[in-house]
Amino acid sequence: NRNRRLMDRYMSQDAEPTYAVRVHVLRLGDIAMCTCPFELFLDHGQRIKARSPATQTFVVQLSEVAGPRSAGYLPTARALASRSYGAEVVDGPVGPVGGQVLVDRVLEMIGELWR
């Protein structure tokens, strides 16, 4: 199964260089919530929480609201470099660069709710 997923990823990476996901953000008073279909490595969630204008920010991971299925792990560059659990190519369709795109976009969406 793992080898098949690796080959599938290799065959599709040029044809599909991006991976679209549905993300939701919600404001309840001074609280922000966001959803994503990934299992985020800690750094991604911490960056969202640290830079959010909300008093408290909740990151809802592996959310079916964000998509019909889990999108797998979303590793950081540090995790990829150390070959951490869940950081290999077969463990998810998106790498660290996509993780930063997700963090930036979620923060942009949350920021729009505080304008």
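**Strand order, helix packing and core of the predicted chain**

Over the chain the mean pLDDT is 88, with 96% of the residues at 70 or more. Helices (H or I, at least four residues) and strands (E, at least two) are DSSP runs, numbered from the N terminus. Residue numbers start from 1 along each chain as its sequence is written, and side-chain values use heavy atoms, with hydrogens and water left out. Because the model is predicted, local features need pLDDT of at least 70 and side-chain atom pairs count only at pLDDT 80 or more, whereas totals for chains, interfaces and linings use all residues.

Three strands form an open sheet in the order S1-S2-S4, with mixed pairing; two strands are taken to pair if DSSP finds at least two bridges between them. From one strand to the next, the twist averages 15 degrees, with axes given by lines fitted to C-alpha atoms (for helices over the stretch in contact) and angles running from 0 to 180 degrees between N-to-C directions.

S1 and S2 run antiparallel and are joined by five bridges. Within this pairing, arginine 27 has alanine 32 in S2 as its bridge partner, and leucine 28 stands opposite isoleucine 31 in S2. The hairpin of S1 and S2 has two residues between the strands, and glycine 29 in this hairpin takes a positive phi near 65 degrees. Strand S2 (residues 31–35) is joined to S4 by five bridges as well, but these two strands run parallel; here threonine 35 stands opposite valine 60 in S4.

Helix H2 (residues 42–51) packs on the sheet, where it touches S2 and S4, and its direction makes about 150 degrees with that of S4, contact meaning heavy atoms within 4.5 Å. Helix H4 (residues 96–113) lies across S1, S2 and S4 and runs at about 35 degrees to S1. The end C-alpha atoms of H4 are 26 Å apart, which agrees with the 26 Å that its 18 residues should span at 1.5 Å a residue, the expected span being 1.5 Å times one less than the number of residues. The buried residues of H4 are Pro96, Gly99, Leu102, Val103, Val106, Leu107, Met109, Ile110 and Gly111, where buried means under 20% relative accessible area, exposed over 50%, and partly exposed in between (1.4 Å probe, protein chains only).

The largest nonpolar core contains 18 residues, of which Phe38, Leu40, Ile48, Leu74, Leu102 and Val106 touch the most other members; such a core is a set of buried Ala, Val, Leu, Ile, Met, Phe, Trp, Tyr and Cys residues joined through side-chain atoms within 4.5 Å. S2 and H4 each supply at least two residues of this core, and the largest share, six residues, comes from H4. Leaving aside neighbours within four places in sequence, leucine 40 is in contact with Gly45, Val59, Gln61, Leu74 and Leu102.

Threonine 57, found in strand S4, counts as buried at 7% relative accessibility. Not counting residues up to four places away in sequence, threonine 57 touches Ala32, Ile48, Lys49, Ser52 and Ile110. Its C-alpha atom is separated by 9.5 Å from that of glycine 45, twelve residues apart along the chain.

Aspartate 8, placed in helix H1, counts as partly exposed at 42% relative accessibility. Although aspartate 8 and valine 90 are 82 residues apart in sequence, their C-alpha atoms are 9.1 Å apart in space. Arginine 83 lies in the loop between helix H3 (77–81) and H4 and counts as exposed at 60% relative accessibility; phi of arginine 83 is near 55 degrees, a positive value in a residue other than glycine.

Definitions and conventions
pLDDT is the predictor's confidence in each residue, from 0 to 100.
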